[in-house]
Amino acid sequence: MQLRIFTEPQQGAEYGRLLAVARAAEELGFDAFFRSDHYLRIGAGSGLPGPTDSWVTLAALARETSRVRLGTLMSAATFRYPGPLAISVAQVDEMSAGRVELGLGTGWFDAEHTAYGIPFPGVAERFDRLEEQLAIITGLWETPVGKTFSFDGSYYALTDSPALPKPVQPPRPPILVGGEGPRRTPRVAAMFADEYNTAFVTPEETSAAYGRVRDACTAVGRDAATLVYSAAQTVCCGRTAAEVARRAAAIGEEVAELEASGLAGSPAQIVDKLGRFASVGASRVYLQVLDLHDLDHLELIAAEVMPQVR
């Protein structure tokens, strides 16, 4: 199982703090450094120093790291037009020598749209826009050099685009789709994704979601084994109960809640819970790290969890 570090910088983190975590993730042997794509703190608190843009951050990290993969979990289709987003991601892919992955979702946090003047349509339209964006982004990246790409959708239209620049990774950077919706999410994943992700749900719920995606793959004539299946979980690990409690308190959580809904406890307990996700088909887990100043936490996971799940 691959372990990836997943951060939520909208909760309060400047670029320097993200760089420190990304470098630690790389040095400690984690597979990737991912970040959320939000413009407003979720929950109580000031959110200082304020949000950072995900693709600006990843572009900088592309030049300041050398091995760790970089991506979003998830970028919001409401935030950007698909053509410019395809250009941005392809550029960061080149800057990183082919280490970028694009997680793209509908967007869900109404308040951040209101706060920064971003239109927030209803859920059906957001899914329609997501499908069109994925068709455009993959179409632009996969159009042969020297050819043009056109698209005529309900929300976006492109005419004779040169479809440049091309990403470094052939045929394109991996695309992640996530969520536990029963109908449209599985279909979108089956049509466009290289990886399907569930976030903050139990192994049992994850298993059911994976099953829906496999069924959707069958419906569109795709081999379900061509998808990577992953999960995202909040992590809170400690060698002692007191250390676990201290880390939980630092992120405003209760240990019992984290044990039920995330990965909490000793390294052995974390390994056991990861095994439950592996048993339902997850080959990759994103460890949501909320205290970005606690690099000792990453060191503990790398030393005492990672060797037991690889």
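A residue is called buried under 20% relative accessible area, exposed over 50% and partly exposed in between, with a 1.4 Å probe and protein chains only. The model is predicted, so local features need pLDDT of at least 70 and side-chain atom pairs count only at pLDDT 80 or more, while totals for chains, interfaces and linings use all residues. Residues are numbered from 1 along each chain as its sequence is written, and side-chain values use heavy atoms, with hydrogens and water left out.

**Aromatic rings**

- Rings of Phe, Tyr and Trp (its six-membered ring) pair if their centres lie within 6.5 Å; planes under 30 degrees apart count as stacked, over 60 as edge-to-face and the rest as tilted.
- By this rule, the count is 6 aromatic pairs.
- W108 and F109 make a stacked pair, with 5.2 Å from centre to centre and 25° between the planes.
- F109 is buried, at a relative accessible area of 13%, whereas W108 counts as exposed at 53% relative accessibility.
- The pair of Y196 and Y210 is edge-to-face, because the ring centres are 6.0 Å apart and the planes stand at 75°.
- Y196 belongs to strand β9 (residues 195–199) and Y210 to helix α7 (residues 203–220), so this pair ties together parts that are 14 residues apart in sequence.
- Helices (H or I, at least four residues) and strands (E, at least two) are DSSP runs, numbered from the N terminus.
- Y196 is buried with a relative accessible area of 1%, and Y210 is buried with 0%.
- One aromatic cluster is formed by Y39, F79 and Y116.
- The charged end of R214 sits over the ring of Y229, 4.7 Å from the ring centre; this description requires NZ of Lys or CZ of Arg within 6 Å of the ring centre and within 35 degrees of the ring normal.

**Nonpolar cores**

- A nonpolar core is a set of buried Ala, Val, Leu, Ile, Met, Phe, Trp, Tyr and Cys residues joined through side-chain atoms within 4.5 Å.
- The largest such core has 76 residues, and those with the most contacts inside it are L3, I5, F30, F33, L274 and L287.

**Helix α3**

- The 14 residues of α3 (residues 82–95) should span 20 Å at 1.5 Å a residue, and the end C-alpha atoms are 20 Å apart, in agreement; the expected span is 1.5 Å times one less than the number of residues.
- Buried residues in α3 are P82, G83, L85, A86, V89, A90, V92, D93 and M95.
- Their cover includes α2 (54–64), β5 (100–105) and α5 (123–142).
- After α3 comes A97, with a positive phi near 60°.

- H297, in helix α11 (residues 295–304), is buried with a relative accessible area of 5%.
- Beyond its neighbours within four places in sequence, H297 is in contact (heavy atoms within 4.5 Å) with V235, C236, C237 and R247.
- A polar atom of the H297 side chain lies 2.9 Å from the backbone nitrogen of C237.
- P203, found in helix α7, is buried with a relative accessible area of 2%.
- Not counting residues up to four places away in sequence, P203 touches K273, R276, F277 and V280.
- P203 and S261 are 58 residues apart along the chain, and their C-alpha atoms are separated by 9.7 Å.

Methods: Polar contact = N/O pair within 3.5 Å; in protein donor to acceptor, adjacent residues only side chain to side chain.
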